[in-house]
Amino acid sequence: VVLAQKRKPVGRVLDLISGTGTHDTLLVELAMSRADIMASRTRRCMIPFVKAICPTVDREARVLVVDPPEGLLDLTTAVPLRRPLTPEQQAQLLEQLKQGLPVVPIKEERKPPVAGAAAGAAARKAGAAGAGAAGKAKPGLRKQQQREEEEEEEDEW
């Protein structure tokens, strides 16, 4: 998401929310400020997805140009990070901020699955397939896979 006048990066779209009234609404995670970095938080705001405020959407370049009314981007909700930033991470983000680069929260590294657990799950699935449940995954597993795919898409932003 970039501002129309300055082409300055504002943040990234986290979600498109429907059913909030007349128009859809974008949930945008704003680029971090110095105060956000020091407090280990992010800020989110909601932007109406209407032509007057979002005049240009370039899907190929993955850029949304916004021309918000004055004060809209000040209406934010602070969200603490799951893990506080380490002093090293804070220094890295503050340096990016000095260079004029947009600062987005550092993604937490996910622990790789234990090899034995994956092998055990594969064996259980193979056993279940022989018992007539071929191709059916557990609903909880399906939701977990969907969440991981969504997080990978967010990382691409």
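Guide: Ile-17 has Thr-25 of strand E3 as its bridge partner. In this predicted model, strand E3 covers residues 25–30 and is joined to E2 by six bridges, the two strands running antiparallel. Both belong to an open sheet of four strands, ordered E2-E3-E4-E7 with antiparallel pairing. Strand E2 (11–17) and strand E7 (77–80) stand at the edges; each has a single partner strand, so one side of each is left without a neighbour in the sheet. From one strand to the next, the twist averages 30°.

The sheet is set within a protein of four helices and seven strands. Along the sequence, these elements follow the pattern β-β-β-α-β-β-β-β-α-α-α.

Strand E5, which spans residues 56–58, includes Val-57. Beyond its neighbours within four places in sequence, Val-57 is in contact with Phe-49, Val-63 and Leu-64. The C-alpha atom of Val-57 is separated by 9.3 Å from that of Val-1, although the two residues are 56 residues apart along the chain.

For the protein as a whole, 49% of the contacts between residues at least 6 apart in sequence join residues at least 24 apart. Buried residues account for 22% of the 157 residues. The accessible surface comes to about 11,200 Å², and 54% of this area belongs to carbon and sulfur atoms.

Key: Residues numbered from 1 in each chain as written. Predicted model: local features only at pLDDT ≥ 70, side-chain atom pairs only at ≥ 80, totals over all residues. Heavy atoms only, no water. Contact = heavy atoms within 4.5 Å. Pairing = 2+ DSSP bridges. Axes fitted to C-alpha atoms, helices over the stretch in contact; angles between N-to-C directions. Buried < 20%, exposed > 50% of the residue type's maximum accessible area, 1.4 Å probe, protein only. Areas by Shrake-Rupley, 256 points an atom, 1.4 Å probe, with all protein chains shown as cover.
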